[in-house]
Amino acid sequence: MASPRRPWSLSLLPPEIIHEIFYKTPAEALVRSKPTCKKLYTLITDETFIHKHFQRSQEHFLRATDTVQIMDPSTRKNSVLPVPNELLQHPFKIDTLVDTHMVHCDGFMLVEYKDDGSRDTNLALWNPVLRNIRWIEPSRSITSFDYHGIGYDKNKNGYKILRFTSRPWEIERYEDEPKVEIYECNTSSWRTLDLELDMNVNIMRNCVAVMGNMYWIVYRDDEEEEEDEEEFIRCFDFSDETFKDICFCPPSYDNSHLSSFNGDSLSLLQQEQVSRTIEVWVSSKLGDGDVSFSKYFSLSAPDLPALRLHDDAAYAVYCFAKTKSVIAWCVGVEGEGDKVCRCLTLYEIDEDGVRNEKVTERDYMHDYSGSFVCGYVYVPSMIPLPWVRD
């Protein structure tokens with residue numbers, strides 16, 4: 001006679017096995033499962049577990065327009081969510097997120113939304129997984145000339161938001177206003193930093209947060225020099241609250257796209273406009289002394305896609321899928337004449353060329369530049385927003 005089958009339960013497994021299973025479970029699925037079990041709720045709200053889960057999470061792409069799309073580039077699965085109600089209900093009602101710029105750090109998106117009714121910019125901090133949003137009251141009127149960054153102060157164990165002007169020559173018009181400010185998320189307050197900005201430095205809006213600090217591609221605009229402008233990487237260190245020049249960029253093609261690599265280094269994806277030659281560079285580890293770039297791989301082929309169509313088109317977004325392989329998501333066009341449509345295409349590119357190609361979205365807008373970027377590299381996270389708790 002067969003023995004009765006014992007009921008199986010997750011609780012029968014050793015704790016270390018349970019932890020390993022949940023480390024590999026997507027953050028969105030864990031959040032949905034919170035109400036199902038008290039033990040599970042205790043585990044996935046534990047601070048240590050949350051941070052370990054985040055460290056093992058893979059990079060995704062996030063695109064926000066009239067909806068919010070989150071794509072896993074390795075599986076090509078794309079979830080589409082509505083724009084959060086908290087944004088729609090704000091006094092500056094947001095019907096579309098096209099006129100926004102976002103900065104990602106630890107699963108948070110710092111949203112800069114420009115209100116069409118004025119030249120002011122509004123700030124919000126948003127965790128798409130937890131669906132938490134917090135509007136940030138600016139210390140003064142924020143304009144389109146301002147840049148923002150978000151990072152982590154290792155000394156104070158807290159997140160901070162940076163604001164500085166992207167056009168130092170505009171300061172003369174606002175002489176009484178601070179050039180550089182820091183917002184302390186733990187105290188919900190702004191304060192002015194006594195930092196000088198270079199008058200001849202231009203900062204590209206393309207930026208990335210790595211290990212709690214922000215990095216930008218910048219170049220010096222020296223009218224007296226006839227040589228080509230050299231691009232370099234500038235960092236803002238949130239722990240000691242200073243700007244630092246990290247290293248020079250490799251010889252630049254027409255388009256340079258900045259991202260992270262392995263969570264502790266920088267990467268550059270560059271493409272020459274005419275030949276469409278692609279070069280991928282990665283830096284040495286940040287914080288290990290002198291930083292420099294080395295070529296990861298390069299590719300020349302007649303059928304390579306244009307990752308950025310022209311100077312007014314949206315920047316591509318990319319991440320690393322396998323060794324010496326990138327997945328790039330970019331804006332392109334299909335058709336001719338009145339039948340031209342804008343399309344978003346996902347490319348897997350390695351040393352041998354384009355491995356896979358998939359159009360993820362099409363529309364028949366004449367303005368195919370769309371927003372400033374195609375999307376953002378984003379790591380889903382269950383880390384709660386500062387000052388926001390369940």
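1. A residue is called buried here if its relative accessible area is under 20%, exposed if over 50%, and partly exposed in between (1.4 Å probe, protein chains only). By that criterion Trp216 is buried, because its relative accessible area is 2%. Phe164 is buried as well, at 0%.

2. The model is predicted: local features need pLDDT of at least 70, side-chain atom pairs count only at pLDDT 80 or more, and totals for chains, interfaces and linings use all residues. Residues are numbered from 1 along each chain as its sequence is written, and side-chain values use heavy atoms, with hydrogens and water left out.

3. Searching the whole structure gives 16 aromatic pairs. Rings of Phe, Tyr and Trp (its six-membered ring) pair if their centres lie within 6.5 Å; planes under 30 degrees apart are stacked, over 60 edge-to-face, and the rest tilted.

4. Phe61 and Trp329 are a stacked pair, because their ring centres are 5.7 Å apart and their planes lie at 15°. Phe61 belongs to strand 1 (residues 60–64) and Trp329 to strand 21 (residues 325–334), so that distant parts of the chain, 268 residues apart, are linked (strands are DSSP runs of E, at least two residues, numbered from the N terminus). Both Phe61 and Trp329 are buried.

5. Phe164 and Trp216 are edge-to-face, because their centres are 5.4 Å apart and their planes at 90°.

Terms used: Helices (H or I, at least four residues) and strands (E, at least two) are DSSP runs, numbered from the N terminus.
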